[in-house]
Amino acid sequence: MHHSIEIQNLNYTYPDGTVALRDVTLSIAPGEKVALVGPNGAGKSTLILHLNGILSGKGLVRVCSLEVVKENLGRVRSCVGMVFQSPEDQLFSPTVFDDVAFGPLYQGLPHAEVLQRVDGALEEVHMLSYKPRVSHHLSMGEKKRIAIATVLSMNPEVLILDEPTGGLDPRSRRSLIHLLQELPLTMLVSTHDMRLVREIFPRMIILDEGKVVADGPTLVLMDDAQLLEAHGLERP
Amino acid sequence: MHIHFLDPYRPRNSLVHRLDPRIKLVLAVAFILTNALLPSGAWPFYILLFALILSVEVISDLGMAYVLKRSSLALPFMLAALPLIFTIPGVSLFSFSVGPWQIHASLQGLERFISISIKSWLSVQAAIVLAASTSFPDLLVAMRALYVPQLLVSVFGLMWRYMFVLVDEASRLLRARSARSGQSDLPGARTGGSLSWRARVTGGMAGSLFLRAFERSDRIYMAMVSRGYDGEVRALPLPQVQPTQWVVLVAGLGLLVAFLGLALLVWG
């Protein structure tokens, strides 16, 4: 069966000797929305960075049926939309348009298509009117939406988000949740926001000390207070 | 993921590492000064100084290979001295012409060039040993003890602190860019964009990095002010220098002064 994300026995050790991932194995089917939870330093970000080859450890990582190896990186990166935790890092261009256009332009798409992709992506996050704005002056919630648009413009199959609701006020958080619900992509979202997990993600993976300690239906895992507490999590 | 490779400090437990940072700083500066004041062509003294710094490197347990590798930093400075070969008058070695100009290489010029190269190479080694055997905060304390202006010392300190933050920030930006640098299925699409477009993107990144650094400095300042900063840098008094350390200082300075005096007597 084709999986959007397939990881087998992935191990990773940072150059300074810190072991970040131990024998991680998981797979995510197309269209599935999965939450990745765990305490700080559990290896969530490290795991995510393996999915588009920014880090590469020992083991098999396959995304959109492509093995994540050096030769495939270009294809892998256009199939995996990765939204980093801090939109400040994601938005490095002077204007919103430039940032959303970066991915398609880099891929060398024809000009008309680039414009169309930018409009499409901004429309999807309901920010079309922000095209000429300077990203520097946007609010946190706006930046988060634009950051998502910057990867949607690449037409990815998989959307990966790192801590999407961090630092948002309730209204921005709510509208971001709606947005994530609307988007029809395969999603892997690393977060501490357990209410968000319960609301959007039918499946949850708990990572602790670099190991997958639980992987199953969110509602079942959320009921296991002992499990949650053992891994530094709280019931919403 | 944080960047530490910029920090030249190598923790070891050698005599050099345990030497009081103030004394190390004075000796390193004195070594560099001696180097600078030695007349050109004083070859035996260069060898003596080289032996001196080499023995310090051995005692410091840093590994000669490490220091020598890093000392390639001196190469660009040598380049700056290269024109001396052609500008100092003296016995002509060879000559060539560039357009209407006739250019002579002189023996005296060559001697001066080699002297400067050796001197800068030796000086750089002293600085490397100092930076590798003394942690930066200790160096700041040493500067303060030696009456380097307080403001300058605190600027150095802030620079040191935020350089890593900035490098982290830059590397996160680069990571976000490479995460979006994909390849299209479309046949014939030229991945990577044109050079000028890429340059523009990089320019935008540099600009946003600058803006953020600027804003961060504002936030830092506000955080300092809200904890009572008034432009005056205050610090705890420094501990006394141990008597044995004074001996090292006096011996080291004495040796360097003797070298210099002798060299100036013979060559000066």
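Six bridges link strand β1 (residues 5-13) of chain A to β2(A), and the two run antiparallel. Along this pairing, A:T13 sits opposite A:V19 of β2(A). The model is a predicted one, where local features need pLDDT of at least 70, side-chain atom pairs count only at pLDDT 80 or more, and totals for chains, interfaces and linings use all residues. Residues are numbered from 1 along each chain as its sequence is written, while chains are lettered from A and ligands numbered from 1 in the order in which they are written.

Both strands belong to an open, antiparallel sheet of four, ordered β2-β1-β4-β5 in chain A. At its edges stand β2 (19-28) and β5 (66-67) of chain A, each with a single partner strand, so one side of each has no neighbour in the sheet. Here strands (E, at least two residues) and helices (H or I, at least four) are DSSP runs numbered from the N terminus, and two strands pair if DSSP finds at least two bridges between them.

## A six-stranded sheet in chain A

Chain A also holds an open sheet of six strands with mixed pairing, in the order β6-β7-β8-β3-β9-β10. Its edge strands, β6 (80-83) and β10 (211-217) of chain A, each pair on one side only. Within this sheet, β3 (residues 33-37) and β9 (residues 203-208) of chain A are parallel and share four bridges. One residue to look for is A:L36, whose bridge partner in β9(A) is A:I205.

## A helix wrapped by its surroundings

A residue is buried if 20 or more other C-beta atoms, placed from the backbone, lie within 10 Å of its own. Among the buried ones are A:V96, A:F102 and A:Y106.

The cover over these residues includes α5 (111-124) and α6 (140-152) of chain A, together with α10 (195-225) of chain B. Just after α4(A), A:G108 takes a positive phi of about 75°.

## Two helices meeting in chain B

In chain B, residues B:L166, B:E169, B:A170 and B:L173 of α9(B) meet B:M205, B:L209, B:R212 and B:A213 of α10(B). Such contacts require C-beta atoms, placed from the backbone, within 7 Å of each other.

Notes
Buried ≥ 20, exposed ≤ 12 C-beta atoms within 10 Å, placed from the backbone.
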